[in-house]
Amino acid sequence: MQKTILILGATGGVGGETASALLRHGWAVRGLVRGIRPGLDPAITWFEGDAMDRAAVLRAAEGVSAVFHAVNPPGYRDWDRLVLPMVENSIAAALANDARLVLPGTIYNYDPAVTPVAVPDSPQSAQTRKGRIRVAMERRIQDSGVAALIVRAGDFFGPKCGNGWLAQGLVKPGQPVAAIQYPGAPGAGHAWAYLPDLAETFALLLDRDAALPRFARFHFAGVWDADGSAFTGAIARAAGTTPTVKAMPWALLALIAPFNTTMRELREMRPFWQHPLRLDNAALVEFLGSEPHTPLDDAMRASLAGLGCIAPATA
């Protein structure tokens, strides 16, 4: 029997990629959007409504096997006021259908200054506002008793990821790569997650839902850049240029932050660029046998093409 999933955030990066992966795996996929419009994926059954409207979420979720919670307030606006009510609505929808609630997690639950390597049950001592809210989200999910799957991953990048660090910090979308603005301290490692690989991981895990514990947590290792050079090198090779690598002007961000919500949120994440924090995926590999992995150069070419920085590959 075909399984059905509701994806909140199906037009976003991780939600959209996961929808594509689950469609390939034979799932029926529903999406909730504030307004039905041209250009939406016709393979997805779309429902109109807001993630803040519990009745709309419950209508869209009727009869599903899983609810994928990948929705965030646009531009981080009112993050602290909206995030927890949104996840409460997803919890209610999952409980009403005895469905599994799925959450793409982040590294922000941890303090990178004291946790260089994190396993799924490492102490969550978040030092940022965003991180503390992430911890609270996971705690509410666990306390609710809902069947849940949380996969924590590093910073997202991919051909459909316009809001990650690659697009908002390192390169300029729509322009050839003449320079790379790198946020990290010299020699500090950083964890990245290529969204098509992460999406395939979610699909593989959900295909084995019956074997998962009721509250399942895994770490997705993704791309571990031990000193920053692997990622910038891949950008240069994909672009076919020799771009200048410049340090991110964190002091300038501090001046802009009081007037720009996105800059304020980016600046708060600076500790994750000053200290290495690697995610240990041993539990994931033990369960699945391996972690999906696209070679970094291939992933970067697809990502830069998606951002309009290079021409798409031709068949």
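Predicted model: local features only at pLDDT ≥ 70, side-chain atom pairs only at ≥ 80, totals over all residues.
1. Residues are numbered from 1 along each chain as its sequence is written, and side-chain values use heavy atoms, with hydrogens and water left out.

2. The protein chain has 12 helices and 14 strands, these being DSSP runs numbered from the N terminus (helices H or I, at least four residues; strands E, at least two). Its radius of gyration of 19 Å is close to the 20 Å that the globule rule gives for 315 residues, so the chain is as compact as a globular protein of that length; the radius is taken over C-alpha atoms, and the rule is 2.2 Å times the number of residues to the power 0.38.

3. Of the 315 residues in the protein chain, 53% are buried, meaning under 20% relative accessible area with a 1.4 Å probe, protein chains only.

4. Helix H12 (residues 296–306) has as its buried residues Leu296, Ala299, Met300, Ser303 and Leu304. They cover an arc of only 125° around the axis, which puts them on the same side of H12, the arc being that of the directions from the helix axis to the C-beta atoms.

5. The cover over the buried residues of H12 includes strands E8 (155–157), E10 (190–194) and E12 (223–225), together with helices H5 (165–170) and H7 (229–239). After H12 comes Gly308, with a positive phi near 80°.

Key: Buried < 20%, exposed > 50% of the residue type's maximum accessible area, 1.4 Å probe, protein only. Contact = heavy atoms within 4.5 Å.
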